[in-house]
Amino acid sequence: PEVFLPAAERFDQMASIDRWVIARAVEHARDWPGGPKRCPRLAVNVSASSLRDPGLLGFVESALRAAGVDGGRFVFE
């Protein structure tokens, strides 16, 4: 991360990376052995720019709804 994150920030790619990470985390919870209800809480670190993005909440809600995963399984930091 120490190599690519500064470049991602410089080229304004953090929002795309954050959304990719969120989508993979939701898929991981969906595919958890025993089902998503057995998945432990997952912490997802997102960039400050993503936290300021007014579209982020809608993206997260949509990903959770599509996967059938409870949003209470996630902590965003």
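The model is predicted, so local features require pLDDT of at least 70 and side-chain atom pairs pLDDT 80 or more, while totals for chains, interfaces and linings use all residues. Residues are numbered from 1 along each chain as its sequence is written, and side-chain values rest on heavy atoms, without hydrogens and water.

**Overall build**

The protein contains four helices and two strands, arranged along the sequence as α-α-β-α-α-β. Helices (H or I, at least four residues) and strands (E, at least two) are DSSP runs numbered from the N terminus. The C-alpha trace spans about 40 × 25 × 15 Å along its principal axes. Of the 77 residues, 29% count as buried; buried means under 20% relative accessible area, exposed over 50%, and partly exposed in between (1.4 Å probe, protein chains only). Among contacts (heavy atoms within 4.5 Å) with a separation of 6 or more, 71% join residues 24 or more positions apart.

**Salt bridges**

| Pair | N to O distance |
|---|---|
| Arg 19 and Asp 53 | 2.9 Å |
| Glu 27 and Arg 24 | 3.0 Å |
| Asp 31 and Arg 30 | 2.8 Å |

Arg 19 forms a salt bridge with Asp 53. This pair links distant parts of the chain, with Arg 19 in helix H2 and Asp 53 in the loop between H3 and helix H4 (56–67), 34 residues apart. Arg 19 is partly exposed because its relative accessibility is 25%, and Asp 53 is partly exposed at 23%.

Glu 27 and Arg 24, by contrast, both lie in helix H2, three residues apart, about one turn of the helix. Arg 24 has a relative accessible area of 32% and is therefore partly exposed. Arg 30, the partner of Asp 31, is partly exposed at 36%.

Glu 27 belongs to helix H2 (residues 14–30) and is partly exposed, with 30% relative accessibility.

Ser 50 sits in helix H3 (residues 48–51) and counts as buried because its relative accessibility is 2%. Leaving aside residues up to four places away in sequence, Ser 50 touches Met 14, Ala 15, Asp 18 and Leu 56. With Asp 18, the side chain of Ser 50 makes a side-chain polar contact of 2.6 Å. A polar contact is a pair of N or O atoms within 3.5 Å; within protein, one must be able to donate a hydrogen and the other to accept it, and residues adjacent in sequence count only if both atoms are side-chain atoms.

Notes: A salt bridge is a side-chain nitrogen of Lys or Arg within 4 Å of a carboxyl oxygen of Asp or Glu.
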